[in-house]
Amino acid sequence: MTGRAAVAVTLFAVAMVATVVIGVLSGRGRGKSMAEWSISGRGLGTLFVLLLMAGESYTSFSFLGAAGWSYRYGVPIFYLIAYLSTGLVVAYFVAPLLWTYCARHRLVSIADIAEHRFRSRPLGVVVAVICTIFLIPYVQLQIQGMGVVVHAMSYGAVDLRVAAVVSFVVAEIFILASGLRGSAWVSVLKDGLAVLSVLFLAIYVPWHYFDGPGHLLDRLVAEKPQWLTFPGAGGGTFGGAWFVSTIVLNVVTICIFPTTVAGYLSAANPTALRRNSILLPWYQLLLVVPMLIGAAALFVVPQLANSDLALYELVTDSLPAPIVAVIGIAGALSAIVPMSVFLVAIGTLWGRTILGRGLPDHRQRSWSQLVCLLVGAIALAGALIYPKALVNLSVLSYEGIAQLLPAVLLGLYWRRLTAGGVAAGLVVGSVIVLGLHVLGLDPLGGVNGGLIALTANLAVAALVSLLRRRTRVLRIDIPLPPARTVHDG
């Protein structure tokens, strides 16, 4: 191990120990209830809600994927900022509604919402299972992202698999002890390092490799103009129609995403959620920096084999080991925090809706913790043994969860929506999503296949609900034949 690698690995080890300590201590003196573990007892203020939900949007993808997409495709990556910021406009109105409904009926997950609203336990179970299927790939992606980040920041000294195991162990320790509150406290460390790293790179990279950001942009316009117009450099896949349809789909989906709803429900009151919706869009602007660095890498390392390493190639090439370590730690924590929130969400879905139904509160929490451990182990195994198996499913994840919109949110606005209508729409939407992917037709005509599926889903849910309601009304209104009387002869 070289001297630079030794410095980076030592600082990384210290940071992981600090992460565990912060996460575990955050739960001391708190109750052992299911609500405390899963949604922090609905007691987080504006700052912690902001940090927790920022941790969801600023993941390892922000350090790897955002720069990588910018390097490979160009301007289509701006869909990321567009939907995260626009989604917060919707959240300003939706989040307080979900918080109020769940607080009134003591609900802690989107499966709870579906089951309570439609008085249908089977529907709640279906929602829990679908969420689990589509969240596991996100857990695995964060584990693999952590591996890539740590391998890069340690100059190759830490193996990808070792880093994956470390991320699993660190996250499991503090979420089993403290649940969602532990994730919120670790977000303080993570976001502090992430903001400092991004602001530093925004100044350093353009001036180190160019004569400032203006010169970088001038070269980009002159030498790489296709990166600045749709469909970018991706061969026509990510055109204007895809950009708009993907934003629309993601805007409505992010408001019902299981981990997002968990963040909503952790708030002390609806006012904290409204403030979060106002403040968080400013945080999303930091994502411009990794995108800018991805563009810079086009000129510094033009033949980069793995575009996801664009940011860390420039970091390790030009900065001293301690600074590389700090930026690497920020990237690692950006994997651990969202991974822990995903695991808590999955554990809550199973511990509350499926395995712990009718059990005392503390038994539900125990089941949830066990599920967290098992699901984390499954995702870790996928990352170590079959790194592409679950990752391929992640393409479907957002589009799949989008099909839960009628079950989780629309039913709170439209009283005529029925459980049968929701189930029928969910089947149709899911079949379309899977069919388009199997046939290689997503996007279809340039439009995101998930939005097409959701449109069909909503149409079927509305039609079936109206027909069933009309049938019930007809049955009530049809006059009954007069009762027959028997006369004695």
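These legends go with a set of close-up views of a predicted model.

**View 1**
A search of the whole structure turns up 18 aromatic pairs. Here we zoom in on Phe200 and Tyr204: the ring centres sit 5.3 Å apart and the planes make an angle of 15 degrees, so this pair is stacked. Both residues belong to helix α10 (residues 180-209) and are 4 residues apart, which is about one turn of the helix. Phe200 is partly exposed, at 31% relative accessibility, while Tyr204 is buried, with a relative accessible area of 19%. The cut-off for buried is under 20%.

**View 1. Phe257 and Phe342 meet edge-to-face.**
For this pair the ring centres are 6.5 Å apart and the planes stand at 65 degrees, so we call it edge-to-face. Phe257 comes from the loop between α12 (240-254) and α13 (258-265), and Phe342 from helix α17 (residues 321-354), so the pair ties together parts that are 85 residues apart in sequence. Phe257 is buried, with a relative accessible area of 5%. Phe342 is buried too, and its relative accessible area is 5%.

**View 2. An arginine lies over a phenylalanine ring.**
Arg117 lies over the face of Phe118. The distance to the ring centre is 4.4 Å.

Helices α11 (213-223) and α15 (288-300) each put in at least two lining residues. The most come from α15, which supplies 5 residues.

**View 3. Thr316 reaches back to the backbone.**
Thr316 is in helix α16 (residues 310-318) and is buried, with a relative accessible area of 17%. Its side chain reaches the backbone oxygen of Tyr312 at 2.7 Å. The backbone oxygen of Glu313 is 3.4 Å from a polar atom of the Thr316 side chain.

Most residues other than glycine have a negative phi, and most peptide bonds are trans. The bond from Phe230 to Pro231 is cis, with omega near 5 degrees, and Pro231 is in the loop between α11 and α12. The bond from Asp442 to Pro443 is cis as well, with omega near 0 degrees. Look for Pro443 in the loop between α21 (419-438) and α22 (449-477).

**View 4. Two arginines have a positive phi.**
Arg42 has a phi near 50 degrees, a positive value in a residue other than glycine. You'll find Arg42 in the loop between α2 (34-39) and α3 (46-57), where it counts as buried at 17% relative accessibility. Arg106 also has a positive phi, of about 60 degrees, although it is not a glycine. Its place is the loop between α6 (79-105) and α7 (110-118). At 66% relative accessibility, Arg106 counts as exposed.

Note on methods. Residues are numbered from 1 along each chain as its sequence is written. This is a predicted model: local features need pLDDT of at least 70, side-chain atom pairs count only at pLDDT 80 or more; totals for chains, interfaces and linings use all residues. Side-chain values use heavy atoms; hydrogens and water are left out. Rings of Phe, Tyr and Trp (its six-membered ring) pair if their centres lie within 6.5 Å; planes under 30 degrees apart count as stacked, over 60 as edge-to-face and the rest as tilted. Buried means under 20% relative accessible area, exposed over 50%, partly exposed in between (1.4 Å probe, protein chains only). A charge sits over a ring if NZ of Lys or CZ of Arg is within 6 Å of the ring centre and within 35 degrees of the ring normal. A polar contact is a pair of N or O atoms within 3.5 Å; within protein, one must be able to donate a hydrogen and the other to accept it, and residues adjacent in sequence count only if both atoms are side-chain atoms.
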